[in-house]
Amino acid sequence: MMMEIKNVSFGYNRKQTVFDDFSLTLGEGSVYGLLGRNGTGKSTLLYLMTGLLRPRRGEVLYQGVNVSLRRPETLSQMFIVPEEFTLPKVSLKQFVSLNRPFYPRFSDELLCSCLRDFDMNEDIHLGELSMGQKKKAYMCFALATNTQLLVMDEPSNGLDIPSKSQFRRVVASGMAEDKAVIISTHQVRDIDSLLDHVVIIDGSRTLLNRSVADICSHLCFTELSSGELTGDELFTQPSVHGQSVILPNRLGEEEGTLNLELLFNATLAHPEKMAQVFNEK
Amino acid sequence: MKFKESRPIYLQIADRICDEIHQGIYPEDGRIPSVREYAALVEVNANTVVRTYDYLQSQEIIYTRRGLGYFVCPKAKKKIFSLRKSVFMNVELPEFFKQLRTLGIPIEEIVRMYGEQDES
C-alpha cells in the first residue's frame, strides 16, 4: 500500500486531541475524496500524511518509509496544495526554476498544458495574481511536479465557475496508474464525478473507506415521492421531488450514480447502520 | 457533461460514445480518444472511462489495437442500433404499456395517433 497511517494519535496541544488511535490505508491509482465535518481533522490528516506534522504516537508510512523522517526520496514524491498559502513575489518562471530541482519527475509539458487548460500562460507574475489565479497557478505547478502523491485541501475554494470545470479536466487528464490524488472538500458537487474512492472520517474513526463502485453495488441513491416510500429506506432527506433516499442495493449490480452529499449525511447520521450494510454481503 | 442519477456514470458515457459513433463523429474502424483524453473531455475519473471502454469492448462496439489505442468496430452502427432496439422493446415499451393501463387509454387510440403522425 502506498500510504499507511497506523494507530496515529495527534493533538495541537496537551489538552486537545484531534486523532486518537486513528488508522487508514490508501493505495495508488485512485482519486480519493476525503470528507468530514468541520473541525474533524481533515487538514491535520493531510499534514500528517505529507510529513508537515509529526504524530504523538503511531506512524505514517509512505511506500514503507516513515514520513516523519522527512527523507528527500519521500518528500520528492509528494506535493500538497494547502487551502491557504502565500507565494513569493516572483515570476512563475523564477518560481519554477527555484523549486523544480526538488521534484525529479517535473514535467514542463504538464505545466504548459495545465496552464493552458486554466486559460493562463507561463509569463505570469505570482505577486500580481488574485486569490483564485494564485490557486490555479500553484495547482498547475503541483500537477507539473508529477509526484506520485498529490494532496489538495479544498482545491475548488476560490475558483470561479468555469475554473471548477477546468479543474476537473486537469485532474482527470493528469491521473496515472502509479499516482494517487487526495482531495479534501466540502464542495462535494464540484468533484463527485472525479472520485473513485470515498473516505469519510470523524475524529478517531474512519467511518467509510470504499471505492465508488463498491458503494454503488451496495447502495442505490434515488428520488422518491412521499407516497412511494416503503420503509426499506436506509436514509431519507427531503428534496424538491419529495425525498432523496438511500436504499440497499439488493441486486448487487451497480445501479445508479453516487450521490455524495446524501452518502455523507447518512454516514454521519447513522455510522453503524451504514457500516452494517457493507458487511452484509 | 450532466449526469442523471438513475444510471451508472460509466454507462451514461457509453451512451454518449454510441451516439457519437451513430452520428459519424467516430467513423467505423476509426480511432476514438484515449481513456485519459475522454476522461478530461467529460471531466470524470479515468477509471470510470476504463470501465466504459471495457463495457463497449464486451458489446463489440470498440476494439483495441495493441499500442495504438481504441477503434470503432466495423459493424458498430448496426450493433448500436440492435442494442437500442432491444432496450426499447424490453424496457421502455413495457413501461409505456403500464402507463396506458394506469391511465385507461385503449391501444386503438394509440394506433390511430401513430397512423395520423405517419401521414403528416
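**View 1. Two domains share chain A.** In this predicted model, the domain assignment of chain A gives domain 1, covering 3–203, and domain 2, covering 212–280. Taken over C-alpha atoms, the centres of domain 1 and domain 2 of chain A are separated by 30 Å.

**View 2. Here is the place where domain 1 of chain A touches domain 2 of chain A.** Ten residues of domain 1 are in contact with eight residues of domain 2. On the domain 1 side, strand S9 (residues 197–202) of chain A supplies the largest share, four residues. Sorted by class, that side of domain 1 of chain A holds five nonpolar, one polar and four charged residues.

**View 3. An open sheet in chain A is built from four strands.** Follow the strands across and you will meet them in the order S2-S1-S4-S5, with antiparallel pairing. Strand S2 (19–26) and strand S5 (65–66) of chain A each have a single partner strand, so one side of each is left without a neighbour in the sheet. Helix H1 (residues 42–49) of chain A packs on this sheet and touches S1 and strand S4 (57–62) of chain A. The direction of H1 makes about 120° with that of S1(A).

**View 4. Strand S1 of chain A is joined by bridges to S2(A) and to S4(A).** Five bridges connect S1 (residues 3–10) of chain A with S2(A), and these two strands run antiparallel. To find your way along this pair, look for A:Glu4, whose bridge partner in S2(A) is A:Thr25, and for A:Phe10, whose bridge partner in S2(A) is A:Phe19. Five bridges also join S1(A) to S4(A), again antiparallel. Here a handy landmark is A:Lys6, with A:Glu59 as its bridge partner in S4(A).

**View 5. A hairpin in chain B is formed by S1(B) and S2(B).** Strand S1 (residues 62–65) and strand S2 (residues 69–72) of chain B run antiparallel and are joined by four bridges. B:Arg65 has B:Gly69 as its bridge partner in S2(B). Three residues lie between the strands of this hairpin, and B:Gly67 takes a positive phi near 80°.

**View 6. Chain B meets chain A.** In this view, 15 residues of chain B are in contact with 18 residues of chain A. On the chain B side, the elements giving two or more residues are helix H2 (35–42) and helix H3 (46–58) of chain B. By class, this side of chain B has seven nonpolar, four polar and four charged residues.

Conventions. Residues numbered from 1 in each chain as written. Chains lettered and ligands numbered in written order. Predicted model: local features only at pLDDT ≥ 70, side-chain atom pairs only at ≥ 80, totals over all residues. Pairing = 2+ DSSP bridges. Contact = placed C-beta atoms within 7 Å. Axes fitted to C-alpha atoms, helices over the stretch in contact; angles between N-to-C directions. Nonpolar A, V, L, I, M, F, W, Y, C, P; charged D, E, K, R; others polar. Domains from an automatic or database assignment.
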